[in-house]
Amino acid sequence: MEKPQVLVYVEKSLNYSAFDVKWIPRSAKVVAIGSHPQGTGALQVYEMSDGDLKLLHDVERPKALKCGTFGASTLEDRHLATGDFEGKMEIIDLQSPEMPVYSVKAHSQIINAIDGVAGLNIGKGAPEIATGSRDGLVKVWDPRQKDRPVITIEPKDGEQKRDCWSVAFGNSHTTEERVLCAGFDNGDVKMFDLRSMAIKWETNLKNGVCSLEFDRKDILMNKLITTTLESKFYIHDLRTFHTDKGFTRLMDKGHKSTVWCGKHLPQNREVFVTTGGNGSVMLWKYSYPASRCKKLDDGSEIGVVGEVKLLQNSTLTSQPITSFDWSPDKMGLSVCSGLDQTIRVVIFTKLNTV
């Protein structure tokens, strides 16, 4: 019992498939989005009350919703940006979710992934939203600018368009600096420097990239977690870049199935959770090496990666857990959703001792 424990606090069955679930910042509320059996979008807001999840809003949207983020919204507004199955990106005020405050036809096909930055007092510079789609494009949007993206990132001439499964902002520690990572179905990971408008780094992990996350968005790039098919996840150390070898990484296996997502604990960036296709959640801690870089014979420097330790492993369901979100306000409080049409509020204990 000295280890952190994983406790399911509340389970709520749904009558639709939930694809993404988020804590609403500075509240005891969560929002779940997904698809009704007839293909329309589901958006529900729940509040924690007396050990249960009480439904506050239940809104049906024209098309199924795939992903959402609060990352580009102010703490006062807490507007949710969503991507749907027909390529539309909308920003929704959860106080009156029937009419979006922003709507744009962002892509020609489903939006698989969305991320925001510079909202919620996290990250410097303009508030921006990134969308990644099956159409092979990655776009960056400024909610203050209507109808057209700030940036469109597309394959080079002659390159095949790949299905983009994940996007993540990072390095937003000044008003000028910002990078965007995108992961694709063929294992490609590409890092775009949004200041110089160029690819900073790219690699291939040989398996489809299910999720990406920087350990913090608003600091000088530190670590990136990437989860993939075939049970693998990777941690790249981003402090030292080698022109030939790129960023150093470690690879680990967990869940014995697809690793659907990896999420860093907001209160401690060395602690993170991964969720699996076998219905399990794994809690990990990263430890840095004695020195984070070393000199090679040619005088260049290369990064040195640390190691990860499994703190706890718990199976919550027999179906894949496809989305997970930590509460930004209460350490150890989390919410997840899976293909069993259930959302769960999960508590991780003793995280202040690891």
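## Charge networks

Asp215, Lys223, Arg269 and Glu270 are joined in a network of salt bridges. A salt bridge here is a side-chain nitrogen of Lys or Arg within 4 Å of a carboxyl oxygen of Asp or Glu. Side chains of opposite charge can pair when their charged atoms come close. The structure holds 18 salt bridges.

The model is predicted: local features need pLDDT of at least 70, side-chain atom pairs count only at pLDDT 80 or more, and totals for chains, interfaces and linings use all residues. Residues are numbered from 1 along each chain as its sequence is written, and side-chain values use heavy atoms, with hydrogens and water left out.

Glu90 forms a salt bridge with Arg61, and their closest N and O atoms are 2.9 Å apart. This pair links distant parts of the chain: Glu90 sits in strand 8 (residues 88-92), Arg61 in strand 5 (residues 52-61), 29 residues apart. Strands (E, at least two residues) are DSSP runs, numbered from the N terminus. Glu90 is buried at 8% relative accessible area. Arg61 is buried too, at 10% relative accessibility. Buried means under 20% relative accessible area, exposed over 50%, and partly exposed in between (1.4 Å probe, protein chains only).

Which residue pairs with Glu128 in a salt bridge? The partner is Arg178, with the closest N and O atoms 2.7 Å apart. Glu128 lies in strand 11 (residues 128-133) and Arg178 in the loop between strand 14 (164-170) and strand 15 (179-184), so the pair ties together parts that are 50 residues apart in sequence. Glu128 has a relative accessible area of 11% and is buried. Arg178 is buried at 6%.

## A loop-to-loop pair

Arg195 forms a salt bridge with Glu177; the closest N and O atoms are 3.0 Å apart. Arg195 is in the loop between strand 16 (188-193) and strand 17 (198-204). Glu177 is in the loop between strand 14 and strand 15. The two residues are 18 apart and link distant parts of the chain.

4 strands form an open sheet in the order 10-11-12-13, with antiparallel pairing. Two strands pair if DSSP finds at least two bridges between them. Strand 10 (111-117) and strand 13 (151-153) are the edges, each pairing on one side only. The twist averages 15° from one strand to the next. Axes are lines fitted to C-alpha atoms, and angles run from 0 to 180 degrees between N-to-C directions.

Strand 12 (residues 138-141) pairs with strand 13 in the antiparallel sense over 3 bridges. Val140 has Ile151 of strand 13 as its bridge partner.

## Two buried serines

Ser231 lies in the loop between strand 19 (223-228) and strand 20 (232-237). Is Ser231 buried or exposed? Ser231 is buried, with a relative accessible area of 11%. Its side chain reaches the backbone nitrogen of Ser257 at 2.9 Å. Beyond neighbours within four places in sequence, Ser231 has contacts (heavy atoms within 4.5 Å) that include Asp252, Lys256 and Val259.

Ser280 lies in strand 24 (residues 280-287). Ser280 is buried at 1% relative accessibility. The side chain of Ser280 makes a polar contact with the side chain of His255 at 2.6 Å. A polar contact is a pair of N or O atoms within 3.5 Å; within protein, one must be able to donate a hydrogen and the other to accept it, and residues adjacent in sequence count only if both atoms are side-chain atoms. The C-alpha atoms of Ser280 and Thr315 are 3.9 Å apart, although the residues are 35 apart along the chain.
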